[in-house]
Amino acid sequence: MRSMLKVGWLALLLAVGCAGRQELETPDYEAVYDVPLEEMWPSVRQYFTDAHLPYREDRGSMVLETEWKQEFGGSKIAGYWHRYMVMGKRETPTKSKLWVIRITKSANKTLSRPGKELDWGTAAGRTIDSDGSGSENLSPEDESDRLAFPVGENAFYMESGQGTRDLTMEWRVFRGIMPKLAKKQPTKTEQPVAKAAPAFTECGQSILGLTKQAKAGGVLLLGELHGTQEVPRFIAQSVCQLVTSGVPVTVGLELPVENEARITTFLQSQGGEVDWLKLMEAPFWRSPYPDGRGSAAVANMLEQLRQLRAQGLDVAVFVYDHPKLSGQQREDALTKTVLAQVKAAPQRFHLVVSGNIHSRTAKGLPWDKQYRPMGYLLKDQLDDVTALDMAYDSGTAWICAANEQSRKLDCGVKEAKGKDNGDRFFMHAWDSPNKEGYHGVFYVGHVSASEPAILKGLGNPDAAPAQEPTSGL
């Protein structure tokens, strides 16, 4: 057993690298500890202590529950909170494993789905078989008293309406505590192991397929439907998962180039009220025809990227739209701006988001066979360009469409037809590109409209300036 532990530890040292790095690759099988459960559990406690994740524990059954932690930090703008239910499992008398259940709730209606508000009250209405003899209406949040006494395997948590098993977190804990477990049985050939205090950043449920697309020097084009809550969240979550694993990411947004300095200043700021006012003063946010790129969800995404930068993570953002141009001239200008950014930092991974016409890598459109989209032009000049089209379940989006009667753009919440492929975010590449030049899809689940940020009151120019704190108070 000890020899197996040693082998696992040595392999782990190669994988872990510097302290605090979160591994991008997550195996699709369980992590099994080659030590008894009682020997493994103290290291689990220490991991969550070092990661600054306070918890309550039921020592009788080796179960702990962390306090709520907000995704991307403690801003009032970020909208998702998570906690973990961690359960020690006895695989054999000499082997053990952990189950980690991620429990999620939303604190920001900008990102919540219509009809999907979470109910954490005592009448939540979830029916759970507690022991096979009956059912109880329970929720993880209402179960504080359960932790006061042994609850065995706690398997009922797997059926929670808000709980999903998180293999990524299970492997993160495994990688974090294996060196310490191995160090307890040193041999003459082993080298000292530095104490690894995990720097924990909550990045949401891991996005399937992301690791295959994230390459240093690569360019990933995401062709989106503007005006949803889910796409900006998908972008922020992708960036978080990449930069916490050590991949430097530059995000390209289809916003007017005139906003470059203003957005850069905001991302380098403290994110206070005055910082928001300066960001939102740009005419772009107050367009008479807001097409979804200036939505509350986009504003929320910028805040999440700002928070990642504030943690010292390697995130950069640029904007590249030229709204004064149209047709092929605009595509040429978009390409030139993106190309300059990629060539200036060829070692970084570039995630470029646009409407799904611009990101096509095939020549021609139904109404113009000679049309050369930005993706087509970039593919011709760069070695590594991948384009993914947006896939989603039906819902709504904030869309600007031509009104045949008034002959003007009509902007508002519109139905969006899609196909249900589950709730989990994922990326999927095909064996060959389709006729539009897309190499695959990125899936964001059910979509819901996000209104213009200015309608939510963010950056109201008439708001009173932030007051300086009074000294001594």
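Author: Gladly, starting with a term: a polar contact is a pair of N or O atoms within 3.5 Å; within protein, one must be able to donate a hydrogen and the other to accept it, and residues adjacent in sequence count only if both atoms are side-chain atoms. This is a predicted model, where local features need pLDDT of at least 70 and side-chain atom pairs count only at pLDDT 80 or more, while totals for chains, interfaces and linings use all residues. Residues are numbered from 1 along each chain as its sequence is written, and side-chain values use heavy atoms, leaving out hydrogens and water.

Reader: What makes the pairing of Glu202 and Tyr84 a polar contact?

Author: Their side chains come to 2.4 Å, against the limit of within 3.5 Å. Glu202 also has a polar contact of 2.7 Å with the side chain of Arg102.

Reader: Why is Glu202 called buried?

Author: Buried means under 20% relative accessible area (exposed is over 50%, partly exposed in between; 1.4 Å probe, protein chains only). Glu202 has 2%, so Glu202 is buried.

Reader: How do you know that a disulfide joins Cys203 to Cys240?

Author: The sulfur atoms of two cysteines must lie within 2.5 Å, and here S to S is 2.0 Å. Cys203 is buried because its relative accessibility is 3%, and Cys240 is buried because its value is 0%.

Reader: What makes Cys400 and Cys411 a disulfide?

Author: S to S is 1.9 Å for this pair, again set against within 2.5 Å. The link is right-handed, with 110° about the S-S bond.
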